[in-house]
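This briefing is intended for a reader who has the sequence and the coordinates at hand.

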Amino acid sequence: MKKIRFNQCKIHLKAAIGLIAIIAMLTGCNYLNKETEKVLFNGNDLSGWVEINPATFFVEQSTINATEIPGSLYYIGEDEDDPKFKNFEFSAEIKTTNGSVASVGFHTSNTPGEEKGYLVQILNTDNHGLNFRKTGSLLGIRDVYKSVAPDNEWFTLKIDVEGKRIKVFVNDIQTVDYTEPDELFREAQYADRKLSSGTFAIHSLGSGISIKNIRVKTLPDKLEAEPATDYFTKEKQQMVNTLIEKGYPVIDYHIHMKGGVMLEDILDKSRRTGIFCSVAPNCGVGFPVDTNEKLENFYNEYKDVPIFLAMQAEGREWVTTFEKESIAKYDYVFTDAMTFSDRQGNRMQIWKDEQVNITDPQDFMELLVETIEDVLDNEKIDIYVNATFLPTVIAGEYNELWTPERMDRVVDALARNDIALEISARYKIPGSAFIKKAKDQGVKFTFGTNNGDQDFANLDYCLAMIDECNLQPSDFFLPRAHGQKPVQVK
Ligand SMILES: [Zn+2]
């Protein structure tokens, strides 16, 4: 009896709530759903915008164009209405030329020159790593290392802000999914990068860009973003955020689509954590990509995604299996020295215990170091991975077997061939002694997980080595521009 009464009570309550909602709608209390669309550039002149340097921007053919003189534009509204945008969907069509560097600011101050809010980078030119933050980066906060838009073609830039969540899209391909933490710690130079409300700005650092069709759809101020799933603990994400702000290229250069990992998994983790990701097919005899046609096919399937495309060269036969032009389409090439023949001529993959037969560990080490030197001197690669891996049967003697002399030989070979060294999150190698020797010789570093499952971009060991070996942002490798790759110049 009691129970029935309780249920009836609930039904009455639901009806009452429904009625209130209907009244609110009928009486125009619909602020919860208020959206307006605004055109920020009228196509004829710069009314509504304040110019910092009048020599920078000019309007021609319904387009704002920038000269080679750096300058900024701030949107203040046509009727001096002090526009304040909080939640919105911003979009513009943009075209760059070779070397153009520009940015779009949002939540910016109406007082030109006053730093506030975020910047979205515009830079499509592959400029030899001089400025690695490419189009679609949330500048200094979430850096994108590869542009999906080319110079000299119109592309669409979209910026969505909902509550604490910022999304950036280039040609409808999402590059950033950043949720500003409730407790925000910023490096001093980015102290003003935070969400509030404000206007839009266009900054050109010179060398012409063109912008047209600038629109913003304002969304209700009270809008809250749907919460994003966190991949890391708050502390770990904060560590990654700080490294990004300090200018470290926090990149996982060694990710495989293995163990059910799909492209969307990699993209999502890359956008959310800020650890820029990659995908590498295994290429060589007995591996999924074993012909040049398959190498081309893989490239064509994934070339338009904002992650690096890497070629993991396998075995020692890869050098003659694939064509130079096809290899050079990939952002970089890496290999290891885990496949070679023992002194009797038996081919070994030293991560497979059943293929390894070690009677004399010292002799095995000699053969291994000779093999590594041979690979580094003769194979046209960017990064050497799984660097000091030892088969299970002798892995326990790592410190004794990797003598200073053997380390020096490998480090010298890396240095003389200008090949970067992977710090492996999966195998936790090389040890800090090896990394310090390599740093002293000017060898560059990369991070890699070499995942067999969903556990990629988990760089705990690598991040620990930054502190332990005092690695600086300049100690890290960045992919070479087309035309400068080892396969093209060596
Ligand atoms: Zn691998």
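Angles under 35 degrees count as roughly parallel, over 145 as roughly antiparallel, 65 to 115 as roughly perpendicular and the rest as oblique. By that criterion, H7 and H10 are roughly parallel to each other. The model is predicted: local features require pLDDT of at least 70, side-chain atom pairs count only at pLDDT 80 or more, and totals for chains, interfaces and linings use all residues. Residues are numbered from 1 along each chain as its sequence is written, and side-chain values use heavy atoms, with hydrogens and water left out.

**Overall architecture**

- The protein chain contains 13 helices and 22 strands; helices (H or I, at least four residues) and strands (E, at least two) are DSSP runs, numbered from the N terminus.
- The C-alpha trace of the protein chain spans about 90 × 80 × 45 Å along its principal axes.
- Of the 490 residues in the protein chain, 53% are buried; buried means under 20% relative accessible area, exposed over 50%, and partly exposed in between, with a 1.4 Å probe and protein chains only.
- Contact means heavy atoms within 4.5 Å; among contacts in the protein chain between residues at least 6 apart in sequence, 70% join residues at least 24 apart.

**Zinc site**

- The zinc ion has as protein donors His 254 (NE2), His 256 (NE2), Gln 312 (OE1) and Asn 450 (OD1), at 2.1 to 2.6 Å.
- Donors are N, O and S atoms within 2.8 Å of the metal (3.2 Å for Na, K and Ca); water is not among the atoms, so sites may look incomplete.
- The arrangement is irregular because the 4 donor atoms around the zinc ion subtend angles of 82 to 178°.
- Four donors count as tetrahedral if all angles lie between 85 and 135 degrees; four count as square planar and six as octahedral if opposite donors are over 155 degrees apart and all others between 65 and 115; anything else is irregular.
- The sequence spacing of the zinc donor residues is H-x1-H-x55-Q-x137-N.
- His 254 lies in the loop between helix H2 (234-245) and helix H3 (263-273), and Asn 450 in the loop between strand E22 (445-448) and helix H12 (460-468), so the pair ties together parts that are 196 residues apart in sequence.
- Both His 254 and Asn 450 are buried.

**Helix pair H7 and H10**

- Helix H7 (residues 361-378) packs against helix H10 (residues 404-417) at an angle of about 5°, and their axes are 9 Å apart.
- Axes are lines fitted to C-alpha atoms, for helices over the stretch in contact, and angles run from 0 to 180 degrees between N-to-C directions.
- Residues of H7 that meet H10 include Met 365, Val 369, Ile 372 and Leu 376, while those on the H10 side include Arg 406, Val 410, Ala 413 and Leu 414.

**Open sheet**

- An open sheet is formed by 5 strands in the order E2-E5-E12-E7-E8, with antiparallel pairing; two strands pair if DSSP finds at least two bridges between them.
- Its edge strands are E2 (49-51) and E8 (118-122), each of which pairs on one side only.
- From one strand to the next, the twist averages 20°.
- E2 pairs with strand E5 (residues 71-75) in the antiparallel sense over 3 bridges, and Tyr 75 in E5 is the bridge partner of Trp 49.
- Strand E7 (residues 102-108) pairs with E8 in the antiparallel sense over 5 bridges, where Gly 105 stands opposite Leu 119 in E8.
- Both faces of E8 are covered, with Tyr 118, Val 120 and Ile 122 buried on one side and Leu 119 and Gln 121 buried on the other.

**Loop between E19 and H7**

- Trp 351 is found in the loop between E19 and H7 and is partly exposed, with a relative accessible area of 30%.
- Not counting residues up to four places away in sequence, Trp 351 touches Phe 287, Met 338, Thr 339 and Phe 389.
- Lys 352 is found in the loop between strand E19 (347-349) and H7, and is partly exposed at a relative accessible area of 32%.
- Lys 352 and Pro 391 are 39 residues apart in sequence, with a C-alpha to C-alpha distance of 7.8 Å.

**Backbone geometry**

- Most residues other than glycine have a negative phi, and most peptide bonds are trans.
- The peptide bond from Ile 429 to Pro 430 is cis, with omega near -10°; Pro 430 lies in the loop between strand E21 (420-424) and helix H11 (432-440).
- Ser 62, although not a glycine, has a positive phi of about 60°.
- Asp 418, in the loop between H10 and E21, has a positive phi of about 55° although it is not a glycine.
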